[in-house]
Amino acid sequence: MARAIMSDIKRDHIHKLLSKGKRVDGRTWDEFRQVSIETKYVESAEGSARVRLGNTDVLVGIKMQTGTPFEDTPDKGVLATNAELIPLASPTFEAGPPDEDSIELARVVDRGIRESEMIDLSALCITPKEEVWLCFVDVYVLDYDGNLFDAAFLGAVAALKSVIVPAAIYDKGENFPLPIRSTPISCTSVQIENSILFDPTLDEEKVAEARLTVTTDENGDLRAMQKGLEGSLTLEQVRKIIETSQRLSKDLRKLVG
Amino acid sequence: MKESEVMYKDGALKPVREIVVPGELLDSGKLRPGSGTYVSDGKIYASQLGIKSTKSNYVNVIPLGGRYIPVTGDNVIGKVIDIGPSNWLIDINSPYPAPLHVNEVPWRVEFGDTARYLNVGDTILAKVLMVDETKRVQVTMKDQGLRKLLGGQIIDISHSKVPRVIGKSGSMIQLIKSHTNCRIFVGQNGRIWLDGDIENIVLAIRAIRMIDEGAQTLRLTERVKEYLESVTKPSQ
Amino acid sequence: MEGKMIDENGLRVDGRKADELRPIKIEAGVLKRADGSAYVEWGKNKVLAAVYGPRECHPRHLQDPSKALVQCRYNMIAFSVSDRKRPGPDRRSVEISKIISEALEYVVFTEYFPRTSVDVYIEILQANAGTRCAGLTAASVALADAGIPMKDMIPSVAVGKIDGQVVLDLCKEEDNHGQADLPIAVIPRTGEILLMQMDGHLTVDEFNKAMEYGFGACEKIYQLQKDALKRRYAVEDIEGLEEEAPREQQDMEG
């Protein structure tokens, strides 16, 4: 994300606290901030959720439409994910078409949903090769204080779980709930001077050397991963992150029902 | 008891401060228009969201929010965000970036050698040297006590809360300093630098946040005192 | 064949009388990063507005050496309407952004902040007719919340005509079958009109009636805007405010 200049003093303070195993807001290294999820937030969407993760605030909406399937998957519904880092969320976000940060966010959220096979896309086929259901996931960031990946992913999963496909208005039969097969959860952490911290705040992200998002299913199996930022991670660190993500995901999963 | 008064525990009546919004009528002719106001048709109206306050014949509005607007003579804490061959650009958390010229620092800086003294990311204690009619701002470090700040931590609060953090004759900031043994500089621009034992810095910051974020301000000093006493011991 | 929008008792599809507003809730200071913000629920509309500024003007070449620019961006999010809207500005949003910027520019004391920009962002989260009015109403509150010096706040409302009758504050259903739409924004104290558009068919008499409804509604909306801002801050007591950081008394006249 656009990194405004951080003062050396703030940077050093984070490092000093870390060397004592502490974080600026008093959390432990593997603690998430307070999460609140409000589903059915917007009536005009077939499914929606507003997620607050600490001071990060994200709104996700799902729209269902009918359309033509992709050529190579003629009998499957289509999932399309978009993310907008709108300027109201941060002085560093500019209006305009999605930049590389918005695109990465959208693609990581999409990957988590797709690879976990959360939605039974085959059940979204109306007429093979001709008509299928299109599922649009739109992520809007409203307030930015770090860890958009997890806030957006929780929002997307919660929103999808609440979707009723509006078949009736399209004359395709009765409305039905979107066929959901699993509940994937993502966990994002950063590496700062070889300390791993989960659910980074904006300041922690600014100081971080590397970032890793791990998306797992109910069995704790890996479905999607994304390493970010310009630093590196050791295999040891990755293993520790995966193990911790599996553990933390269990609790987060309870929040989306 | 008038609606604009509130009864305190000791039975004394004290006037409640009035919150005004832009466009609200403040006075129809006896007072002079102060800051946060404007005049229209001989009447004085509020131009900002804030607290109506009357002082020696002027009616002012003390803003409750908004960015810091630099005033000559203010002590501010700035962050170096850019360097040129003969100046630095300082972010003082206001709508205008403030240049710091090589002539306004306590060192003798050769042309092009600026990075040796101050670099992007450094924090300085400076003073607003001047603000001209077009709002061009300049800062200086040429005064007693002004310098580059090292170590400690910086936080930003709403600049309108600065008087409250300082307190009546410095009483509030003194309370925090004595309980946490920290050096604390409060910039008029809402930026605060603290230095001391790292655990104490964290406590001092929490106390300051109580003041900055607290919507309920009754008994604020008492509550801050209670908090500090529960977590520290005052120094002798 | 269109059904009747107003029944025998003069009640509309949602039970309102001709000059009745939909329920409106306004909350100020709802976002952390923005300098000022407001959230408005107006009937089934959900609108979020945020202000950043005054801040350095970007793009640089638009900077005005004598005053601040007020740049508003009105946007409807993809799922705010029943047929998903492709993200990105469309011609309608660009026009609405322009007329709202112009209204806000009038009330902001732009000459206090030369060379800067006051950026206002309006996001329609859920739309149900009258979004530009709800947006401008929210934006005014967000500007005041951001401490921007301004003359006054700007309430805004749309008046319309259905079944040959002038009615206040059309909802989506009414708007779809409406015979006229007249969004306005007014400073109640002075009666100045800062925003006005009209489409449809109105006689001059109908127009006058519409303005009567509109002005009346703006008075009510203005109160809600004021209340939202005052509610944001609890009663301030004397403590700590007696001695303000000593600053010279500045005379604002002339």
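This is a predicted model: local features need pLDDT of at least 70, side-chain atom pairs count only at pLDDT 80 or more; totals for chains, interfaces and linings use all residues.
Two strands are taken to pair if DSSP finds at least two bridges between them.

Chain B comprises 4 helices and 18 strands. Its domain assignment gives domain 1 (5–63), domain 2 (75–149) and domain 3 (153–231). The C-alpha centres of domain 1 of chain B and domain 2 of chain B are 36 Å apart. Of the 236 residues in chain B, 41% count as buried. Where contacts in chain B link residues at least 6 apart in sequence, 54% of them join residues at least 24 apart.

Chain C contains 4 helices and 10 strands, arranged from the N terminus in the order β-β-β-β-α-β-α-β-β-α-β-β-β-α. The radius of gyration of chain C is 20 Å, close to the 18 Å given by the globule rule for 254 residues, and chain C is therefore as compact as a globular protein of that length. Along the principal axes, the C-alpha atoms of chain C fill a box of roughly 70 × 40 × 35 Å. Buried residues make up 54% of the 254 residues of chain C. Of the contacts in chain C with a separation of 6 or more, 69% are accounted for by residues 24 or more positions apart.

Within chain C, strand β8 (residues 180–187) is mostly covered, with 8 of its 8 residues buried. In a regular strand, side chains alternate between the two faces of the sheet. From β8(C), A180(C), L182(C), I184(C) and V186(C) point one way, whereas D181(C), P183(C), A185(C) and I187(C) point the other way, and all are buried.

The strands β8(C) and β9(C) form a hairpin with 4 residues between them. G191(C), located in the turn, has a positive phi of about 75°.

Notes. Residues are numbered from 1 along each chain as its sequence is written. Chains are lettered from A and ligands numbered from 1 in the order in which they are written. Helices (H or I, at least four residues) and strands (E, at least two) are DSSP runs, numbered from the N terminus. A residue is buried if 20 or more other C-beta atoms lie within 10 Å of its own, exposed if 12 or fewer, and partly exposed in between; C-beta atoms are placed from the backbone. Two residues are in contact if their C-beta atoms, placed from the backbone, lie within 7 Å. Domain bounds come from an automatic or database domain assignment. The radius of gyration is taken over C-alpha atoms; the globule rule is 2.2 Å times the number of residues to the power 0.38.
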